[in-house]
Amino acid sequence: MEKTLWEVYTKEQLEELEKVTSSYKDFLDAGKTERECVAEIIRLAQEQGYKDLSTLETVQPGDKVYVPWMEKSIALFNVGEEALENGMNILGAHIDSPRMDLKQNPLYEESGFAYFDTHYYGGIKKYQWVTLPLAIHGVVVKKDGTKMNISIGENENDPVFTVTDLLVHLSAKQLEKNASVVVEGENLDLLVGNRPLEGEEKDAVAAQISKLLKETYGMEKEDFMSAELEVVPAGKARDLGFDRSMIMAYGQDDRVCAYTSLAAMFEVPDVKRTSCCILVDKEEIGSVGATGMHSRFFENAVAELLDKCGQFSELKLRRTMANSTMISSDVSAAYDPMYPEVYDKKSSAFFGKGIVINKHTGSRGKSGSNDANAEYIAKIRNVFGTHDVAFQMTEMGKIDVGGGGTIAYILAQFGMEVIDGGVALLCMHAPWEVSSKADVYEAYRAYCAFLKDMK
Ligand code: MN
Ligand code: MN
């Protein structure tokens, strides 16, 4: 495709594009952690008539259900007329994003400043996370099980937090360092206070913070042990550019694919073949743990669904998984003209050219990748062709420069057809990532086409 999507969209499509991307920005603002995303997904799904599977005795074709897992991952099913063992059309993405987590004993004082100790999560360029307004989101669970949701730093009147960096005047030595150690992990501590508590002799500033936490949240120092508090950039998703053609926001990896997959589920309510959307946690650290894609939770959810449809057997469960087809969506690297040396221009993703399809991901000799079958890619091409979906077949960067993985290979272990797709970003894993509105909208169109016509 020579032209960009901006030049080929109709007036109606441009209007729909604004609607989809505006809802996408709202989704990003509502979900800055995996837990907040799951809560928002449930709220949106219920508006569309989805019900919690655990509350239903039986399930019939036409029913729409969701299965949350530990408030961090979720699977949604739109049950079709066809037997489940014929397979499902699955859209998958992840809802965790790189960030800094508070350590379990985070509060300390040094030279009159109070800090929260952090441990970063996912792959970040540490030097990018300093001198930014930061917010704290998450949960604190007290010993008796009471759970408090925390969100500080997003409202205009909230305070924000930050990680300091050295002034340039004293940085001669620092600037000689390798960029990977210019700011080190242990230096990513959050500045949270500077005012001593009256009458306190030792660590009076930290004592003040403790007092405020107690007053505001009824929180003891020990409660940090059973807390999950995530430090993320403060502020909302914004339009980028005079022409408002792009979006700048935190957490677009991979909430851009999560949101557009979810929106497609809602847009295609009547299906013959069951459609499914799985939005999972822990991708950024290897899809591990009970809420990551390696967990059996998804397979268990499908087993529960089969049971409530009156179709369960161990063999039928295996057939359901093996006969499914999936677009495993994650963000990809968009060509950045500021850094042409890392891209093979012929195999690069460009802004405004549509959903990105990767036959494989991985690094070096495709290591760690699901390498999609030619037969399946042909089917995808056919579906996209029928619905006039613009896609670009790409690889992420030059060979041997780097690479990355997704959840694709994990689902492929069930023997199903899986391909990597998604939206190309600039500044992936930076505090503020950049997407093209046209690509966000085209990904949504691609997922709708897939749910309608893949078989
Ligand atoms: Mn990702
Ligand atoms: Mn990532």
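Predicted model: local features only at pLDDT ≥ 70, side-chain atom pairs only at ≥ 80, totals over all residues.
View 1

View 2. H94 belongs to strand 4 (residues 89-94), while D253 belongs to helix 6 (residues 252-267), so the pair ties together parts that are 159 residues apart in sequence. Buried means under 20% relative accessible area. H94 has 1%, so H94 is buried. D253 has 3%, so D253 is buried too.

**View 3. The two manganese ions.** Ligand 1 and ligand 2 are 3.2 Å apart. D253 coordinates both ions.

**View 4. The fold around the site.** The protein chain has 11 helices and 22 strands. Its radius of gyration is 23 Å, close to the 23 Å of the globule rule for 455 residues, so the chain is as compact as a globular protein of that length. The C-alpha atoms fill a box of roughly 70 × 55 × 45 Å along the principal axes. Of the 455 residues, 53% count as buried. Among contacts between residues at least 6 apart in sequence, 77% join residues at least 24 apart.

**View 5. Surface and charge of the protein chain.** The accessible surface is about 21100 Å². Carbon and sulfur atoms account for 51% of that surface. The chain carries 49 positive and 71 negative charges, and their mean positions are 3 Å apart.

Terms used. Residues numbered from 1 in each chain as written. Chains lettered and ligands numbered in written order. Heavy atoms only, no water. Donors = N, O, S within 2.8 Å, 3.2 Å for Na, K, Ca; no water. Helix = DSSP H or I, 4+ residues; strand = E, 2+ residues; numbered from the N terminus. Buried < 20%, exposed > 50% of the residue type's maximum accessible area, 1.4 Å probe, protein only. Rg over C-alpha atoms; globule rule 2.2 N^0.38 Å. Contact = heavy atoms within 4.5 Å. Areas by Shrake-Rupley, 256 points an atom, 1.4 Å probe, with all protein chains shown as cover. Lys, Arg positive; Asp, Glu negative; His and termini not counted. Charge placed at Lys NZ, Arg CZ, Asp CG, Glu CD.
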